[in-house]
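User: I have just opened this entry and would like a guided tour. Could we begin once the structure is on the screen?
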Amino acid sequence: MSYSAFYQESIQQPEVFWDKEAQLIDWHTPYRQVLDHSHPPFAKWFVGGETNLCHNAVDRWLATQADKPALIAISTETNTEKIYSFAELHTEVQRMAACMQSLGVKQGERVLIYMPMIAEAAFAMLACARIGAVHSVVFGGFASKSLATRIDDARPVLVLSADAGMRGGKAVPYKPLLDEAITLAEHKPQHVLLVNRGLAPMPWVAGRDVDYASLRAQHLEAQVAVTWLEANAISYVLYTSGTTGKPKGVQRDVGGYAVALASSMKHIFCGNPGETYFATSDIGWVVGHSYIVYGPLIAGMATIMYEGTPIRPDAGIWWSIVEKYKVTRMFSAPTAIRVLKKHPSELMKKYDLSSLQALYLAGEPLDETTSSWIASELGVPIIDNYWQTETGWPILSIARGVESLPSRLGSPGLPVYGYHVQLVNESTGALCGANEKGVLAIKGPLPPGCMQTVYGDDQRFVQTYWNNFPHEQLYSTFDWGIRDADGYYFILGRTDDVINVAGHRLGTREIEESISSHAQISEVAVVGVEDQLKGQVAVAFAILKHPELAATAEGRRALEAEVMAVVDKQLGAVARPARVHFVGSLPKTRSGKLLRRSIQAICEGRDAGDLTTIEDPASLQQIRAALAA
Ligand code: AMP
């Protein structure tokens with residue numbers, strides 16, 4: 001079938017289309033209705049059907065490949081490698097599930113997972129899925145305040161964590177940050193289940209903290225049956241940044257998500273049972289959920305969980321893993337490839353990469369230089385794919401499993417089946433023609449696998465995502481895009497205050513709020529500035545309560561370090577601005593709105609844009625002067 005016919009069916013007859021795709025997973029009870037779109041923009045898929053993500057990822061494969069590898073946990077930090085077969089994974093997940101149940105976790109309750117890239121983190125996600133608990137994984141790079149906000153929103157009964165992760169040969173303690181987060185949070189989880197890796201000291205809170213190894217030892221023979229869940233039950237909540245300082249809990253279902261992953265593993269990622277998949281992301285991000293843990297396992301593949309950097313012990317490490325485990329499909333981010341490009345490519349050439357059939361890149365714009373370089377080094381197709389935490393799986397890509405259409409440099413590709421993608425004029429709501437810039441929007445219903453709502457806040461879901469255009473209710477991606485005459489899309493950056501640092505999505509408001517908590521700061525603006533390696537970096541411009549403190553270079557340096565330390569402590573190093581400049585005023589409109597885009601333009605050496613509404617043009621000069629200094 002041509003891709004065009006496949007796509008058209010998905011848009012014109014979504015019920016017929018998704019009914020077929022739904023056969024890719026196991027259902028305990030068949031669904032009565034493929035789609036209920038009676039209360040738009042909310043979409044319910046596979047209504048009445050009962051299934052389970054853990055069953056489809058693990059139990060389902062026991063009959064045919066119990067002894068085949070399922071999870072390969074590799075840490076180049078602790079120099080450990082362990083392979084779990086599907087049977088072993090099944091056992092470990094049941095042990096973990098039994099531990100959770102013994103600590104009182106019940107169906108529908110939340111479990112927060114704040115863990116490094118260790119096998120137990122995957123066991124925990126799958127165990128939640130098995131018993132119908134809702135997991136919320138928080139990226140290990142986030143610090144206490146970020147964590148506290150998420151604890152208060154998700155209200156978990158249990159938190160899972162570890163003594164420490166490791167990065168670049170150094171232990172990164174988790175437990176002290178977690179303790180501080182729980183102190184800061186209003187909600188108090190009943191228990192904290194801790195994996196002790198022996199990497200860092202762990203202060204212990206009696207009555208609350210539980211040692212995983214000891215508890216696991218009591219449940220070695222555990223048999224925990226799968227809890228069958230209605231397709232629209234909540235599988236997980238994953239927080240992501242937006243325009244306001246308060247992160248949004250992206251809530252996902254069970255049935256639609258399982259179908260979307262099985263379908264994308266077949267048509268986009270082309271994975272087959274028995275093969276090995278290697279995604280270099282982290283379980284704290286959406287890629288980790290969809291394409292480290294659930295997607296590959298649902299496809300019956302072995303999946304690699306990797307703790308470490310791309311360049312330790314040397315820049316050949318990932319390729320040595322590809323050789324050793326005969327990886328067929330690999331998933332990474334452009335920043336990682338740019339990092340590798342700085343190292344001699346002989347390190348790559350040393351290894352037999354003949355198993356590798358494609359490299360998928362996502363999370364940030366893929367520039368042509370990086371794409372061409374890695375394509376020529378590897379000699380396999382490089383497949384850009386564009387999506388968001390909200391959608392859970394690609395919106396734009398080339399579904400080579402359907403038809404091997406060519407890629408186009410700089411473009412993630414065509415709309416993926418199921419997504420009725422449109423480019424819309426921001427102010428008039430009119431549809432854009434070829435080569436006309438607009439906001440990338442999606443006409444509802446969103447396909448299976450996409451967010452159901454903002455956790456606990458339906459109104460915010462509707463207000464934030466579906467209320468941005470006149471005339472019609474469309475889902476906004478908050479990305480600018482353009483489509484060429486052949487239908488290939490190009491992404492031109494965010495329309496909102498979200499920035500993308502090394503593929504990590506950060507809200508500038510969150511960083512501003514954190515910086516403002518420093519006693520000396522009266523006001524601050526944070527913008528994303530183009531960076532050769534990371535795509536973008538955060539740069540802050542702050543007004544001091546006592547400007548004389550920044551009179552000398554030494555004073556400025558000391559304050560800058562202090563401000564960075566505040567962000568590190570509250571949000572985590574991932575959100576730390578690359579620079580903090582001190583200015584006397586910030587460019588604003590006469591109604592007091594910060595002109596972030598003008599600041600960003602100046603930082604990138606571009607024209608500051610339309611300044612008809614600016615209150616004090618001299619403020620722009622201050623930005624220029626601060627940059628020059
Ligand atoms: P996240 O929700 O963290 O995955 O971030 C999603 C955002 O990252 C999107 O809205 C885009 O701005 C950006 N993004 C993701 N993938 C791509 C891609 N392949 N090309 C360009 N931008 C991308």
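User: Which residue of E15 is the bridge partner of Thr240?
Analyst: The model is a predicted one. In it, the bridge partner of Thr240 in E15 is Lys248.

User: What else does E15 pair with?
Analyst: E15 also pairs with strand E25 (residues 453-454), in the antiparallel sense and over two bridges. There, Val250 has Val454 in E25 as its bridge partner.

User: How many residues of E15 are buried?
Analyst: Five of the five residues of strand E15 (residues 248-252) are buried, so the strand is largely enclosed by the rest of the structure.

User: Let us move to the sheets. In what order do the seven strands of the open sheet come?
Analyst: The order is E5-E4-E17-E16-E18-E19-E20, with mixed pairing. Strand E5 (80-85) and strand E20 (382-385) are the edge strands, each pairing on one side only. From one strand to the next, the twist averages 20 degrees.

User: How do E4 and E5 pair? What stands opposite Leu71?
Analyst: Strand E4 (residues 69-75) pairs with E5 in the antiparallel sense, over six bridges. Opposite Leu71 stands Tyr84 in E5.

User: Which helix lies across E4 and E17?
Analyst: Helix H11 (residues 286-298) lies across E4, strand E16 (276-279), strand E17 (302-307) and strand E18 (327-332). H11 runs at about 145 degrees to E17.

User: What about the sheet of three strands? Why is one side of E30 left without a neighbour?
Analyst: That open sheet has the order E30-E31-E32, and its pairing is mixed. Strand E30 (521-531) and strand E32 (579-583) stand at the edges with a single partner strand each, so one side of each has no neighbour in the sheet. Neighbouring strands of this sheet are turned by 25 degrees against each other on average, direction ignored.

User: How many bridges join E31 to E32, and do they run parallel or antiparallel?
Analyst: Strand E31 (residues 535-544) and E32 are joined by five bridges and run parallel. Ala540, for example, has Val580 in E32 as its bridge partner.

User: Which helices pack there?
Analyst: Helix H18 (residues 553-570) lies across E30, E31 and E32, at about 125 degrees to E32. Helix H20 (residues 618-628) also packs on the sheet, where H20 touches E31 and E32 and makes about 130 degrees with the direction of E32.

User: Changing topic: which residues of H15 are buried?
Analyst: In helix H15 (residues 368-378), the buried residues are Thr370, Ser371, Trp373, Ile374, Glu377 and Leu378. These residues cover an arc of only 165 degrees around the axis, which puts them on the same side of H15. The exposed residues Thr369 and Ser376 are on the face turned away from that buried side.

User: What do the buried ones pack against?
Analyst: They pack against helix H12 (317-324), helix H13 (334-341), helix H14 (346-349), strand E19 (358-362) and E20. After H15 comes Gly379, with a positive phi near 70 degrees.

User: Is H10 mostly covered or left open?
Analyst: H10 is mostly covered, with 12 of its 13 residues buried. Among them are Gly255, Tyr257, Leu261 and His267.

User: Finally, how many residues are in the largest nonpolar core?
Analyst: That core has 127 residues, and Met100 and Tyr417 have the most contacts inside it. Helix H6 (residues 119-131) gives the most to this core, with 11 residues. A second, separate core of 30 residues includes Phe278, Ala336, Ile374 and Ile382.

User: What is Tyr417 in contact with?
Analyst: Leaving aside neighbours within four places in sequence, the contacts of Tyr417 include Tyr3, Phe6, Trp18, His267 and Trp393.

Technical notes: Residues numbered from 1 in each chain as written. Predicted model: local features only at pLDDT ≥ 70, side-chain atom pairs only at ≥ 80, totals over all residues. Heavy atoms only, no water. Pairing = 2+ DSSP bridges. Helix = DSSP H or I, 4+ residues; strand = E, 2+ residues; numbered from the N terminus. Axes fitted to C-alpha atoms, helices over the stretch in contact; angles between N-to-C directions. Contact = heavy atoms within 4.5 Å. Buried < 20%, exposed > 50% of the residue type's maximum accessible area, 1.4 Å probe, protein only. Arc of directions from axis to C-beta. Core = buried A, V, L, I, M, F, W, Y, C linked by side-chain atoms within 4.5 Å.
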